[in-house]
Amino acid sequence: PASMSNSTTNSKINLPGIDPDTIILKEQQWQYEKRRNLWASYPSHLNEKIATARSRKEKVFNFQIRGNEMQIDFTRMVLVNASGKIVKVRCKQIQTNKVLEMAL
């Protein structure tokens with residue numbers, strides 16, 4: 001842990017059965033179906049934008065990837081490219097372990 005000034009001390013939250021340095025978080029990972037039952041994840045910067053659009057209850061999310069126009073239709077949970085090709089999208093809940101440091 002980084003050293004703190006004299007006016008602040010490090011405190012850890014103690015939760016039963018969990019190492020005090022680790023907190024388990026659930027994160028969303030947006031994915032599209034590359035081939036039947038083969039899913040690919042969106043890059044993290046795009047994943048955040050997709051998640052934000054979904055949380056705002058937007059019906060569609062438009063974006064470009066490698067110069068290609070794309071649209072995610074949240075109502076149908078599909079990705080549509082400029083030529084009209086449609087593939088499924090999904091949002092997976094993934095578990096991550098993060099170190100939590102709090103200054104109290």
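Which helix is Asn 47 found in? I looked, and Asn 47 sits in helix H1.

**Ground rules.** I am working from a predicted model, where local features need pLDDT of at least 70, side-chain atom pairs count only at pLDDT 80 or more, and totals for chains, interfaces and linings use all residues. Residues are numbered from 1 along each chain as its sequence is written, and side-chain values use heavy atoms, with hydrogens and water left out.

**Overall layout.** I found 1 helix and 8 strands, in the order β-β-β-α-β-β-β-β-β along the sequence. Helices (H or I, at least four residues) and strands (E, at least two) are DSSP runs, numbered from the N terminus. Of the 104 residues, 23% are buried; that label means under 20% relative accessible area, with exposed over 50% and partly exposed in between (1.4 Å probe, protein chains only). I get an accessible surface of about 7900 Å², 49% of it on carbon and sulfur atoms. That area comes from the Shrake-Rupley method with a 1.4 Å probe, and for residues only the protein chains shown count as cover.

**Back to Asn 47.** Buried or exposed? Asn 47 counts as buried because its relative accessibility is 9%. Setting aside residues up to four places away in sequence, I see Asn 47 touching Gln 28, Gln 29, Trp 30 and Tyr 42. Contact here means heavy atoms within 4.5 Å.

I then checked Ile 72: beyond its neighbours within four places in sequence, its contacts include Tyr 42, Ile 50, Phe 61, Phe 63 and Leu 79.

How much space lies in the largest pocket? I read about 330 Å³. On a 1 Å grid over the protein atoms alone, a pocket is an open set of points where a 1.4 Å probe fits, with protein on both sides within 12 Å along at least five of seven lines; lining residues have an atom within 4 Å of a point. Points are joined across faces, edges and corners, and the volume is the space filled by probe spheres set on them. The lining has 14 residues, with Tyr 32, Ile 65, Arg 66, Met 70 and Leu 79 nearest the centre. Strand S6 gives the largest share of that lining, 3 residues.

**Tyr 32.** This one is in strand S2, and Tyr 32 counts as partly exposed because its relative accessibility is 23%. Leaving aside neighbours within four places, I list among its contacts Leu 38, Trp 39, Leu 79 and Val 89. Tyr 32 and Met 77 are 45 residues apart in sequence but 9.5 Å apart, C-alpha to C-alpha.

**Positive phi.** I noted Asn 37, with phi near 65°, in the loop between strands S2 (22-35) and S3 (38-41). Asn 37 is exposed at 62% relative accessibility. Lys 57, not a glycine, has a positive phi of about 65°. Lys 57 lies in the loop between H1 and S4 and is exposed, with a relative accessible area of 71%.
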